[in-house]
Amino acid sequence: MTHKNLLMDSRCVHAGVGDDVHGAVVPPIYQTSTFKFKDAQHGADLFAGKQKGYIYTRLGNPTVAALEEALASLEGGFLGLGCASGMAAIHTALATFLDTGDHVISSESVYGPVTSLLGGFFSRFGIQTSFVDSSDLSAVRDAVRPNTRMIHIETPGNPTLVVSDLAAIAEIAKENGAKMMVDNTFLSPILQRPLELGADIVVHSLTKFLNGHADVVGGIIIPKTEEDYHRLRQALNLAGGTIDPFNAFLVHRGIKTLALRMARHCENAQEVAEYLEKHDKVAWVRYPGLPSHPHYELSKRQTSGHGGVISFELKGGLEAGRTLMGSVHLAQLAVSLGGVETLIQHPASMTHAGMSRDLRERAGIADGLVRLSIGIEAPTDIIEDLEGGLALVVAA
Ligand SMILES: *Cc1c(COP(=O)(O)O)cnc(C)c1O
């Protein structure tokens with residue numbers, strides 16, 4: 001059956017079943033590096049592209065293909081390209097479409113390593129990037145140059161959770177002949193579908209919500225058009241950052257429950273955000289589902305849910321952050337996000353401890369900033385855990 005006319009919840013379960021010959025309900029794991037040709041002519045035809053089939057796992061594998069088909073269906077793209085990590089996906093997509101002398105506009109609130117990839121790595125090849133507050137459309141428009149080739153947007157942004165208007169930025173990209181790429185990791189296609197809003201390419205870290213179980217590192221690129229797909233496939237085959245069959249299998253398994261999990265992540269995060277906003281040891285809470293969020297209306301219009309990630313600032317700065325980290329039990333002290341378990345992170349004493357206080361503040365990372373990735377546990381247990389920790393915090 002075709003899954004094209006199924007609703008999203010059903011597509012999560014049925015999309016990308018592939019072509020199994022034995023009738024397996026779940027696409028099997030083709031744990032093989034290479035595939036036998038029937039004879040010399042078959043091998044020649046596969047290489048010449050005259051027949052469809054598999055040659056070598058870096059170039060394609062049925063287990064990976066099932067995942068690529070499933071995610072393309074969920075995002076509404078031509079076909080996906082499974083990558084070894086989210087960073088491999090972002091790197092491959094940028095390297096496919098950029099040449100020396102090109103200019104990129106990127107959200108300033110992006111996943112940290114993307115700042116280094118664009119600002120450091122790609123600048124060595126004569127590719128320049130302007131990092132702008134992409135929630136401010138005039139800042140995006142003002143950053144456009146005659147050689148702007150790509151606009152890379154992450155929304156909600158990392159870790160500030162600012163929301164950018166995808167349809168409006170897609171207009172700016174089109175008017176200026178630039179490709180628009182969106183990192184949709186924070187919301188997944190269940191809550192936000194950038195290709196429908198005019199983007200050309202979606203990328204994901206599969207490591208987060210799509211796999212959802214904190215046991216895989218992976219990524220995917222999903223272009224809208226067949227032409228972009230072929231360019232990306234050629235680049236990925238050469239760069240070699242492909243996902244392996246076992247990880248592809250695990251992510252595909254995770255996607256079956258994606259709609260259920262996202263609904264629960266959203267419900268839980270909303271409840272925790274509202275609880276934190278009322279707490280007297282909390283200076284402010286940033287969650288797009290709170291009316292106090294500056295882009296609450298945009299988030300409601302552009303998404304069908306505000307996701308599972310919350311940032312908040314503790315009164316009491318660095319010490320308050322350390323105290324909270326040391327006194328929660330259910331919430332795991334770990335980076336990453338999007339798994340079934342609640343994770344808590346204190347950038348000033350963990351991920352960004354190596355940065356000077358000055359630089360941190362300029363990046364919007366206050367000493368008391370805490371990031372939560374809300375899991376699917378019972379919300380009362382998550383709140384009770386935070387309540388116990390907050391009770392010990394000395395609010396300055
Ligand atoms: C984690 C993450 C990435 C990078 O993904 P990896 O799988 O760790 O390489 C990229 N973008 C966002 C928004 C992320 O959260």
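Predicted model: local features only at pLDDT ≥ 70, side-chain atom pairs only at ≥ 80, totals over all residues.
I opened my notes with the helices around the largest pocket: α2 (40-48), α3 (62-75) and α9 (226-239) each supply at least two residues of its lining.

**Entry: the largest pocket.** I looked up its volume and found about 1,400 Å³. I then went through the lining, which comes to 34 residues, with K52, G53, Y54, L59 and G60 nearest the pocket's centre. Sorting that lining by class gave me 15 nonpolar, 10 polar and nine charged residues.

**Entry: the second largest pocket.** Here I noted about 1,000 Å³ of space. I found 50 residues lining this pocket, and V110, Y111, G112, P113 and N158 are the closest to its centre. Which elements give two or more residues to this lining? I wrote down α4 (86-97), α5 (112-121), β3 (128-132), β6 (201-205), β11 (343-345) and α14 (357-362). By class, I have 21 nonpolar, 20 polar and nine charged residues in the lining of the second largest pocket.

Domain 1 (7-255) and domain 2 (259-390) both give residues to its lining, so the pocket lies between them.

**Entry: the two domains.** The domain assignment of the chain gives domain 1 (7-255) and domain 2 (259-390). I looked up how far apart their C-alpha centres lie, and the answer is 27 Å. For the contacts across the boundary, I noted 32 residues of domain 1 meeting 33 residues of domain 2.

**Entry: the nonpolar cores.** The largest nonpolar core holds 47 residues, and L67, L71, M180, I190 and L206 touch the most other members. At least three residues of this core come from each of domain 1 (7-255) and domain 2 (259-390). Apart from this core I found another, of 26 residues, with V272, L276, A320 and I344 among them. I then followed L67: leaving out residues up to four places away in sequence, L67 touches L206, I243, A248, V251, H252 and I255.

**Entry: E75.** This residue lies in helix α3. Is E75 buried or exposed? I found E75 buried, with a relative accessible area of 0%.

**Entry: the loop between β4 and α7.** I came here for the peptide bonds. A cis bond joins T155 and P156, with omega about -5 degrees, and P156 lies in the loop between β4 (148-154) and α7 (166-175). The bond from N158 to P159 is cis too, with omega near -5 degrees, and P159 has its place in the loop between β4 and α7.

L161 is buried, with a relative accessible area of 1%.

**Entry: S188.** My last stop was S188, in helix α8 (residues 188-191). What is the phi of S188? I read a value near 70 degrees, positive in a residue other than glycine. S188 is buried, and I noted its relative accessible area as 0%.

How values were computed. Residues numbered from 1 in each chain as written. Heavy atoms only, no water. Core = buried A, V, L, I, M, F, W, Y, C linked by side-chain atoms within 4.5 Å. Buried < 20%, exposed > 50% of the residue type's maximum accessible area, 1.4 Å probe, protein only. Domains from an automatic or database assignment. Contact = heavy atoms within 4.5 Å. 1 Å grid on protein atoms, 1.4 Å probe; cavity = no way out; pocket = protein on both sides within 12 Å on 5 of 7 lines; lining within 4 Å. Points joined across faces, edges and corners; volume = space filled by probe spheres on them. Helix = DSSP H or I, 4+ residues; strand = E, 2+ residues; numbered from the N terminus. Nonpolar A, V, L, I, M, F, W, Y, C, P; charged D, E, K, R; others polar.
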